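Hello,

Here is the structure I promised to pass on. Please open it first, then read my notes below.

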Amino acid sequence: PPIERRRVIDVARDALGLMSLAMETLGDPFAVYGFSGQGREKVSFHVARDFDDRRSSAIWGALAAIKPEGSTRMGAAVRHVHDRLARVPARLKVLIIVSDGYPQDLDYGPDRNSDEYGLQDTAMALQEAQRHGIETFCITVDPAGHDYLKRMCPEQRYAVIDEIDTLPEALTKIYQTITA
C-alpha cells in the first residue's frame with residue numbers, strides 16, 4: 001500500500017505536543033496559540049494552552065484540533081501575543097512562530113496581488129516585540145522561506161526547515177539557543 005504522506009500541520013501539531021511536554025518538564029511557563037485570517041474583520045486567534053493552564057485532556061484536545069484555516073495574517077497575531085507576553089512576569093520572553101508560508105490575507109494591503117504589505121506589517125510587529133524585550137524566532141517549512149523571511153527578520157532569527165519531520169528537533173534546538 002502507498003505510504004500516506006503527513007501534512008505540515010500534522011507534524012507541527014506533534015512537534016508542539018512534544019515541545020509542550022518538554023516545557024512542562026523544565027518548568028518554564030509557556031503557551032500555544034494558533035491564528036488565521038480571512039480579512040481584517042475576521043482574524044482568528046486560538047488558544048490551545050495559555051500560560052496559567054495545567055496539563056489536561058482539554059489542552060491535548062485543543063492541540064489535536066489545530067487545523068489549517070484561512071490565511072496567514074501574521075502581523076496581527078504577533079501583536080496579540082506581544083500583548084499577552086507583556087503581562088507574563090518572566091525575565092526572558094520568547095515568541096516562536098511556526099508557519100507554512102508567507103504572511104498574506106484577503107485584504108492585507110492595498111494591492112491584493114502583492115505580498116509586500118504582509119511582509120512589512122509582520123516585520124514591523126516582530127521589531128515592536130523585540131523592542132519590548134521579547135525574543136522572536138520564525139520557523140517555516142516553506143522552501144521559498146529564505147526569500148521572504150530575510151526581509152522580515154535578521155538571519156539569526158529565522159529558520160527554514162527543509163524536511164518537516166525534523167521540526168520537533170529544530171524547535172528544541174532553537175529554544176535551547178534562545179534561552180541559553
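**Helix pair α3 and α4**

In α3, Met74, Gly75, Ala76, Val78, Arg79 and His82 make contact with Asp121, Thr122, Met124, Ala125, Leu126, Glu128 and Ala129 of α4. Bear in mind that this is a predicted model.

Two packed helices are described by the angle between their axes and the distance between the axes. Here, α3 covers residues 74-86 and α4 covers residues 116-131. They pack at an angle of about 15°. Their axes lie 8 Å apart. Angles under 35 degrees count as roughly parallel, so α3 and α4 are roughly parallel to each other. Their crossing is left-handed.

Next, the strands. β4 spans residues 134-140 and is mostly covered. Of its seven residues, six are buried.

Which strands does β4 pair with? One is β3 (residues 93-99), in the parallel sense, over seven bridges. Another is β5 (residues 158-160), also parallel, joined to β4 by three bridges.

Serine 99 stands opposite threonine 140. In β5, valine 160 is the bridge partner of threonine 140. From β4 the chain crosses through helix α5 (residues 145-152) to β5. This β-α-β crossover is right-handed.

**In short**

α3 and α4 form a left-handed crossing. β4 is mostly covered and pairs with β3 and with β5.

Best wishes

Key:
Residues numbered from 1 in each chain as written. Predicted model: local features only at pLDDT ≥ 70, side-chain atom pairs only at ≥ 80, totals over all residues. Heavy atoms only, no water. Buried < 20%, exposed > 50% of the residue type's maximum accessible area, 1.4 Å probe, protein only. Helix = DSSP H or I, 4+ residues; strand = E, 2+ residues; numbered from the N terminus. Pairing = 2+ DSSP bridges. Right-handed = clockwise from strand over helix to strand, strands pointing away. Axes fitted to C-alpha atoms, helices over the stretch in contact; angles between N-to-C directions. Parallel < 35°, antiparallel > 145°, perpendicular 65-115°, else oblique. Left-handed = near helix turned anticlockwise from the far one by under 90°. Contact = heavy atoms within 4.5 Å.
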